[in-house]
Amino acid sequence: MSEKRKNRITAQSKRKGSRQKSGKGIRWGWLVFRLFVAGVLLLCLLFFAVFFGITGKMPTTEELGRINTPLATEVFSADGRLLGRYYTENRSNVRFGEISPNVINALVATEDARFYEHRGIDEIALMRVFLKSILLQDRRSGGGSTLSQQIAKNLYPRPDLGWFTLPVSKIREGIIAYRLEKIYSKEEILTLYLNTVPFGENIFGIEVAAERFFSKSPSELSVPEAAVLVGILKANNVFNPRLHPEKSLERRNVVIDQMVKQNYLPVEEAEKHKLAPLQVNYRVITY
């Protein structure tokens, strides 16, 4: 066989192999595209199923506008001193003006840094979670739930739907969060959150938490104290300052670092607070 013919056969073989590879690439591309379209359609169907209450009752805008949470019955002395409480959930509500700015700043910096910018759903945080937590398996990136979504989760427990529990719950909480932000102002959202969130030990709300761990009202909480209480929210039992003071102190300092990162505290002041010992003044008022 001549050299020229050999070269021609080789060239033909290469073109054939190239066409085969190209064909496989196109087939894989179509497969990925079809899977993507199917996923989008499935997500749309799931969204409408949740929106129209097929997967479980959705609270209406009217119901969200009159949220009522169980409160403790309080017993006072003649001079106005709180003597005790009767309750199923140990909770007392406070107004926004009765909460220290230290608590508000610590909460926003740690739990929802873009709170004042989004409308109930933080798309940027969700993308961060998808890229870091899911694709890169980096659990340190945190969650993507806003304060409004956490309120939805606290007020309306997740239904048990097997494999669909998580996606249905996330969609449901997103819809409720969006509705909450249309009804309430940002200050009202913060107040609602801090009045409903659990702190462990059957404590609900910032007033009872401040009283239990520091024997103070929420308006009196210092930066380190506010950071301790906000730190508890990540894991009520793990970061309980009475049960696990070392872990609570470590978490407190993480919250203070977040306050610096989000420009709620200057670095020098934060370093002083981080050096302060964990000072818990534990008191239980109950019957």
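Reader: What is the mean pLDDT of the protein chain?
Author: The model is predicted. The mean pLDDT of the chain is 82. Of its residues, 75% reach 70 or more.

Reader: Which elements have the lowest and the highest mean pLDDT?
Author: Strand β1, residues 73–76, has the lowest, at 44. Helix α9 has the highest, at 98.

Reader: And where is the pLDDT below 50?
Author: Residues 71–77 are one such stretch. In the model, that stretch has 27 contacts beyond near neighbours in sequence. Residues 82–88 are also below 50. There, the model has 35 contacts beyond near neighbours in sequence.

Reader: How much of the chain is buried?
Author: The chain has 287 residues, and 38% of them count as buried. Its accessible surface comes to about 17200 Å². Carbon and sulfur atoms account for 58% of that surface.

Reader: What share of the contacts joins residues at least 24 apart?
Author: It is 63%, taken among contacts between residues at least 6 apart in sequence.

Reader: Let's do α10. How many residues, and what does it reach from first C-alpha to last?
Author: Helix α10 covers residues 245–261, which is 17 residues. It reaches 24 Å, close to the 24 Å expected at 1.5 Å a residue.

Reader: Which of its residues are buried?
Author: Ser248, Arg251, Arg252, Asn253, Val255, Ile256, Met259 and Val260.

Reader: What do those pack against?
Author: Three helices: α3 (101–111), α9 (223–232) and α11 (267–275).

Reader: And what follows α10?
Author: Asn263 follows, with a positive phi near 65°.

Reader: I'm looking at His273. Which helix is it in?
Author: His273 lies in α11.

Reader: Buried or exposed?
Author: His273 counts as buried because its relative accessibility is 18%, and the cut-off for buried is under 20%.

Reader: What does His273 touch?
Author: Leaving out residues up to four places away in sequence, His273 touches Val223, Pro224, Arg252, Ile256 and Leu265. Arg252 and Ile256 are among the buried residues of α10.

Reader: New topic, α8. Why call it largely enclosed?
Author: Eight of the nine residues of α8 (206–214) are buried, so the rest of the structure largely encloses this helix.

Reader: Which residues of α8 are buried?
Author: Ile206, Val208, Ala209, Ala210, Glu211, Arg212, Phe213 and Phe214. After α8 comes Ser215, whose phi is positive, near 55°.

Reader: Salt bridges next. How many does the structure hold?
Author: Eleven.

Reader: What does Arg242 pair with?
Author: Glu201, with N to O at 3.1 Å. Arg242 is in the loop between α9 and α10, and Glu201 is in the loop between β4 (198–200) and β5 (203–204). The pair therefore ties together parts 41 residues apart in sequence.

Reader: How accessible are Arg242 and Glu201?
Author: Arg242 is partly exposed, with a relative accessible area of 41%. Glu201 is partly exposed too, at 25%.

Reader: What about Glu225?
Author: Glu225 forms a salt bridge with Lys216. Their closest N and O atoms are 2.9 Å apart. Glu225 counts as buried at 13% relative accessibility. Lys216 counts as partly exposed at 28%.

Reader: Last one. Which residues make the nonpolar surface patch of about 700 Å²?
Author: Ile26, Trp30, Phe33, Phe36, Val37, Val40 and Leu41.

Reader: Where does Phe33 sit?
Author: In helix α1, residues 3–51. Phe33 counts as partly exposed, at 45% relative accessibility.

How values were computed: Residues are numbered from 1 along each chain as its sequence is written. This is a predicted model: local features need pLDDT of at least 70, side-chain atom pairs count only at pLDDT 80 or more; totals for chains, interfaces and linings use all residues. Side-chain values use heavy atoms; hydrogens and water are left out. Helices (H or I, at least four residues) and strands (E, at least two) are DSSP runs, numbered from the N terminus. The expected span of a helix is 1.5 Å times one less than its number of residues. Buried means under 20% relative accessible area, exposed over 50%, partly exposed in between (1.4 Å probe, protein chains only). Contact means heavy atoms within 4.5 Å. Patches are made of residues with over 30% relative accessible area and no salt bridge: like charges are joined within 9 Å, nonpolar side chains (Val, Leu, Ile, Met, Phe, Trp, Tyr) within 5 Å. Accessible areas come from the Shrake-Rupley method with a 1.4 Å probe; for residues, only the protein chains shown count as cover. A salt bridge is a side-chain nitrogen of Lys or Arg within 4 Å of a carboxyl oxygen of Asp or Glu. pLDDT is the predictor's confidence in each residue, from 0 to 100.
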